[in-house]
Amino acid sequence: MCERCPTLATTTEYARRLAALLRDRRNEHLAFELWLADVRLDGPRELRTLGRGMCRDQAALLSALLVAVSERKPYKTDVSDEQ
């Protein structure tokens, strides 16, 4: 489907990058800034809207990215990668 729809391909790539950023938590501040800049530059309209909202809440998002998963209490709905 991505081959036939460039917008879907672009959206998929942005979603993959964001998922990797959230999963890997490396260079959070820089990676997040780069992701936002790229979305603002050439993302589909819906992603640009999401990016604007994330910019407004950027301090909270970066704070959440910096908190190690082990520092929070697990939720009943937490699942492992294998699950």
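Are Tyr-14 and Trp-35 buried or exposed? I looked up both: Tyr-14 is buried, and so is Trp-35 (buried is under 20% relative accessible area, exposed over 50%, partly exposed in between, with a 1.4 Å probe and protein chains only).

Ground rules first. I am working on a predicted model, where local features need pLDDT of at least 70, side-chain atom pairs count only at pLDDT 80 or more, and totals for chains, interfaces and linings use all residues. Residues are numbered from 1 along each chain as its sequence is written, and side-chain values use heavy atoms, with hydrogens and water left out.

Next, aromatics. I searched the whole structure and got 1 aromatic pair (ring centres within 6.5 Å, using the six-membered ring for Trp; planes under 30 degrees apart are stacked, over 60 edge-to-face, the rest tilted). Tyr-14 and Trp-35 make up that pair, edge-to-face, at 6.3 Å centre to centre and 90° between the planes. Tyr-14 sits in helix α1 and Trp-35 in helix α2, 21 residues apart, so the pair links distant parts of the chain (helices are DSSP runs of H or I, at least four residues, numbered from the N terminus).

Then I checked α1. Its buried residues include Tyr-14, Leu-18 and Leu-21. They sit on the same side of α1 because they cover an arc of only 55° around the axis, taken from the directions from the helix axis to the C-beta atoms. Exposed Arg-16 and Arg-23 are on the face turned away from the buried side.

Last, Ala-37. I found it in helix α2, residues 28-42, partly exposed at 34% relative accessible area. Ala-37 and Gly-51 are 14 residues apart in sequence and 8.6 Å apart in space, C-alpha to C-alpha.

Methods:
Helices (H or I, at least four residues) and strands (E, at least two) are DSSP runs, numbered from the N terminus.
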